Amino acid sequence: MWMNTILKYLRNLAIFVLSAAAFYLILAIIGALVPVNTDAPENPTIQIYLVKNGAHTDIVVPISTHTINWENFIKPTHFSQSSKEFKYYSFGWGDREFYRTTPYWKDLRFMVAAKALILNTPSAMHIYRLQEIESEKFISLVITNEQYQELSGYILKHLIFSEGSLKPLEFRYSGNDVFYSSRSSFHAFRTCNTWTNSALKVSGIRACLWTPFAEPLIWQFS
């Protein structure tokens, strides 16, 4: 009797998990197939970049333009390596514990990834400094000043300021990157790529309707 009860429970659990996964994939496919902000911007003047790193996407922007100087918020002193040769900041958003424990994809642990997807977990913003844009994996996007203002505002509102300034988190990957706490929580419907896609979408830049994955966002510009 008890064995039949356990088997019935496991069967129902398997059906629920498979159904939830199928529903999630259907939503992801629909969201990926519907582009938004498809009209070309008029008189674009600012060049930014979209970059894919494994399953993760970042937005790369110039450190200083007439629109915003990011060093007013992300101070050079926040980086452990001192240099004035950098021209770009790469912004990525994601699960704080995932960032802390997974500097490389080979370090990925199942329980950390599962917790990040299933639960509402604390997030962090990762900023990496770049000297030049040299790799073909960087996708160039030329946008208007108004779009860049919206994009900058979107990024800033996800950073947590304390008494008007940012406080770096206690971990980093190198001398040229820094992490900050972020206001939003991470979960299966709000992933690192969802954040990147939303940043572009609300700024009037071409994006998907919704995507938790990197590839559909990259496809928009291929």
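Strands S2 (residues 46–53) and S3 run antiparallel and are joined by 5 bridges. The model is a predicted one. One of the contacts in this pairing links Tyr 49 to Val 60, its bridge partner in S3. The hairpin that S2 and S3 form has 2 residues between the strands, and Gly 54 in this hairpin takes a positive phi near 65 degrees.

On to the other pairing of S3. Here 4 bridges join S3 to strand S4 (residues 88–95), and these two strands also run antiparallel. Ile 59 has Phe 91 as its bridge partner in S4.

How much of S3 is buried? Strand S3 spans residues 56–62 and is mostly covered, with 7 of its 7 residues buried. His 56, Asp 58, Val 60 and Pro 62 point one way from the strand, while Thr 57, Ile 59 and Val 61 point the other way. Both sets of residues are buried. So Val 60, the partner of Tyr 49, has a relative accessible area under 20%, as buried residues do.

Positive phi values turn up in loops as well. Most residues other than glycine have a negative phi. Asn 37 is not a glycine, yet its phi is positive, near 55 degrees. This residue is found in the loop between strand S1 (35–36) and S2, and Asn 37 is partly exposed, with a relative accessible area of 29%.

Glu 163 is another residue with a positive phi, about 55 degrees, although it is not a glycine. Its place is in the loop between strand S7 (161–162) and strand S8 (165–166). Is Glu 163 buried or exposed? With a relative accessible area of 83%, Glu 163 is exposed.

Conventions. Residues numbered from 1 in each chain as written. Predicted model: local features only at pLDDT ≥ 70, side-chain atom pairs only at ≥ 80, totals over all residues. Heavy atoms only, no water. Buried < 20%, exposed > 50% of the residue type's maximum accessible area, 1.4 Å probe, protein only. Pairing = 2+ DSSP bridges.
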